[in-house]
Amino acid sequence: QKQDELKMNLVREELELVQNAIFTEPDDQTAWGYHRFLISWAYPNNNNEGNLNNETPSQLKCSSSHTMNMYYELLDEECNSLRELIETENGQCKWAFIGLHLVLVALQQLLLEDDSKSSNVKNEANECLRKLIILDPNRKGRYESLIM
């Protein structure tokens, strides 16, 4: 548990640096690549491999509830930060929508399917994809295939 707290604190510090970069230059792909790595690396029980989508909710039950709560809070804070960036950029930054979608998918994996919050998160993730179809029409097929 102490190791989980240290890891989460490190991720928070690094995310703060990344947020400074993405709020300064939202179209810099390098910052977004590191953002993606940090979100996936912080994922409980990932054996430090950074594979966000390889675990099922039942596998997550192996993590302590304290670790899960820390990760949930981190994701929730990150969602709020990315929503703020999207608003600041007048909804025109595709990378912010891609980042928000990533965080929302991770957040949804922590929630129970029948939870109303899960439904809201799923709807917002899909809305990110619909906006990406407009902002980035060259990848329309990819975004459509990700809609849940």
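Tutor: Before we start, buried means under 20% relative accessible area, exposed means over 50%, and partly exposed is in between (1.4 Å probe, protein chains only). This is a predicted model, where local features need pLDDT of at least 70 and side-chain atom pairs count only at pLDDT 80 or more, while totals for chains, interfaces and linings use all residues. Residues are numbered from 1 along each chain as its sequence is written, and side-chain values use heavy atoms, with hydrogens and water left out.

Student: OK, what does Glu 124 count as at 24% relative accessibility?

Tutor: Buried stops under 20%, and exposed needs over 50%. At 24%, Glu 124 therefore counts as partly exposed.

Student: Which residue forms a salt bridge with Glu 124?

Tutor: A salt bridge takes a side-chain nitrogen of Lys or Arg within 4 Å of a carboxyl oxygen of Asp or Glu. Here the closest N and O atoms are 2.8 Å apart. The partner of Glu 124 is Arg 83.

Student: How are H1 and H4 oriented to each other?

Tutor: Helices are DSSP runs (H or I, at least four residues), numbered from the N terminus. Axes are lines fitted to C-alpha atoms over the stretch in contact, with angles from 0 to 180 degrees between N-to-C directions. H1 (residues 2-24) and H4 (residues 65-88) pack at about 5°. Under 35 degrees counts as roughly parallel, so H1 is to H4 roughly parallel.

Definitions and conventions
Helix = DSSP H or I, 4+ residues; strand = E, 2+ residues; numbered from the N terminus. Parallel < 35°, antiparallel > 145°, perpendicular 65-115°, else oblique.
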